[in-house]
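These are my notebook entries on one protein chain. I set down what I looked up and how each term is defined.

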Amino acid sequence: MNTMRAMMLASASLLATTASAEFLELEKDELTFGFIKLTDMAPLAVAYELGFFEDEGLFVTLEAQANWKVLLDGVISGQLDGAHMLAGQPLAATIGYGTEAHIITPFSMDLNGNAITVSNEIWEEMKPNVPLMDDGRPQHPISASALAPVVEDYQDQGIPFNMGMVFPVSTHNYEIRYWLAAGGLEPGYYSPQDISGQIGADVLLSVTPPPQMPATMESGTIYGYAVGEPWNQQAVFKGIGVPVITDYDMWKNNPEKVFGITDEFAEENPNTTLALTKALIRAAMWLDENDNANRPEAVEMLARSEYVGADYDVIANSMTGFFEFEKGDVRPAPDFNVFFRYNATYPYYSDAIWYLTQMRRWGQIPETMSDEWYFETAAEVYRPDIYLEAARMLVDEGMANEADFPWDSDGFKEATPAADIIDGIGYDGRTPNAYIDSLPIGLKSGQTVVDNEIQG
């Protein structure tokens with residue numbers, strides 16, 4: 001852990017010498033940021049609409065992107081100065097999986113916010129396998145073991161069981177894989193020769209852009225999907241599907257999106273990077289303050305066509321502290337979307353490491369890597385030093401409370417207890433290889449995928 005300690009000491013020194021309450025001299029003040037039409041882009045919309053970017057001297061344009069690949073390519077090419085990103089995107093790009101580029105994040109955008117939805121037909125086939133509560137409603141969280149007999153039946157009929165996720169290095173891909181594997185289903189492997197992710201799969205996962213998920217399922221192309229909001233609640237409102245589990249119920253307060261910029265941008269524009277981080281922190285604080293009192297106003301913003309463009313009621317269903325499963329089965333979910341509390345915006349190394357362990361688990365990282373490699377890779381991409389410098393400036397300016405930031409963190413969260421994860425296996429970012437080896441389904445130390453077979 002010497003590498004980590006040295007980096008955090010360097011960060012502390014940087015904070016002591018450079019934090020200032022004065023207005024920053026910006027290297028670049030006109031910026032274009034990209035996003036995908038999901039409710040968790042909210043910090044960008046709020047920072048724009050409430051003038052937080054302008055308070056920092058930034059003139060920002062927000063542009064919706066067609067899909068995650070277009071968004072990433074835009075940041076790498078410089079057409080976009082930064083973007084709302086899948087947490088796996090900066091990590092994958094930095095290690096050269098897919099497109100190679102050094103992307104960093106000084107700001108984690110949210111916790112939770114996703115769900116897995118199945119079509120009405122699949123839900124009816126699952127229901128006999130789902131325990132009921134005393135009032136007759138399904139008992140949550142629902143395990144993928146309830147889906148396993150349905151998948152088996154389709155296999156017996158020679159019908160491929162297709163489900164959707166949004167991108168190969170998305171949280172949604174890793175979450176649906178986690179859920180399936182926890183229920184005894186094989187979600188498939190990647191290899192350098194076969195990047196479909198379907199090697200040895202019981203359930204065939206493929207990419208569908210988030211806004212297209214409900215229509216793709218309604219057409220029968222996929223039987224279900226993992227996606228962020230509002231596209232699970234949209235299926236309920238349209239009467240075409242049933243969300244079976246939220247990611248909060250899969251892993252309590254799991255990390256979600258990040259704000260990504262190139263390392264080159266941060267190096268060339270250090271003050272601009274601090275300024276945009278300050279604005280985003282303020283937006284996240286506003287979204288969560290006073291027990292989510294500002295959420296209805298945020299929903300009004302997000303419902304506009306330039307942002308998410310879904311009906312107010314669909315977005316409000318999850319953003320205001322509730323979640324609807326079967327039509328009429330509305331349950332409290334106060335932490336379904338978390339933008340600031342629980343240190344949601346701090347870019348923890350341990351969050352980055354979890355994504356890397358899942359890349360390794362399913363073969364996107366083909367060889368066993370040392371624990372030190374995980375630590376060093378996380379520190380290349382996740383930049384708590386920038387985050388804390390921006391936070392210190394906000395505190396000095398009277399815009400934030402000292403107690404709201406983890407000043408003494410070494411970059412690692414406390415281990416997530418087994419009780420907070422659906423498969424009953426705890427997660428500690430300090431021991432990545434031991435964690436990978438503890439998961440029953442997935443590659444273990446020394447294993448790799450060769451010619452569609454696990455070897456080692």
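The model is predicted, so I note its limits: local features need pLDDT of at least 70, side-chain atom pairs count only at pLDDT 80 or more, and totals for chains, interfaces and linings use all residues. Residues are numbered from 1 along each chain as its sequence is written, and side-chain values use heavy atoms, with hydrogens and water left out.

Entry: helix α2. I looked up helix α2, residues 42-49; helices are DSSP runs (H or I, at least four residues) and strands likewise (E, at least two), numbered from the N terminus. Six of its eight residues are buried, where buried means under 20% relative accessible area, exposed over 50% and partly exposed in between, with a 1.4 Å probe and protein chains only. The buried ones are Ala42, Pro43, Leu44, Ala45, Val46 and Ala47.

Entry: aromatic pairs. Rings of Phe, Tyr and Trp (its six-membered ring) pair if their centres lie within 6.5 Å; planes under 30 degrees apart count as stacked, over 60 as edge-to-face and the rest as tilted. Why is the pair of Phe35 and Tyr307 tilted? The ring centres of Phe35 and Tyr307 are 6.2 Å apart and their planes stand at 50°, so the pair is tilted. Phe35 belongs to strand β1 (residues 30-35) and Tyr307 to the loop between α14 (295-303) and α15 (312-319), 272 residues apart. Phe35 counts as buried because its relative accessibility is 0%, and Tyr307 is buried at 3%. For Tyr154 and Tyr223, the centres lie 5.2 Å apart with planes at 65°, so this pair is edge-to-face. I also noted a cluster in which ring pairs link Tyr174, Tyr178, Trp251, Trp354, Tyr355, Tyr427 and Tyr435.

Entry: cavities. On a 1 Å grid over the protein atoms alone, a cavity is a set of points where a 1.4 Å probe fits but cannot get out, and lining residues have an atom within 4 Å of a point. Grid points are joined across faces, edges and corners, and a volume is the space filled by probe spheres set on the points. I recorded two cavities of 30 Å³ or more. The largest holds about 80 Å³ of space, and its lining includes Glu175, Tyr178, Trp251 and Tyr435.

Key. 1 Å grid on protein atoms, 1.4 Å probe; cavity = no way out; pocket = protein on both sides within 12 Å on 5 of 7 lines; lining within 4 Å.
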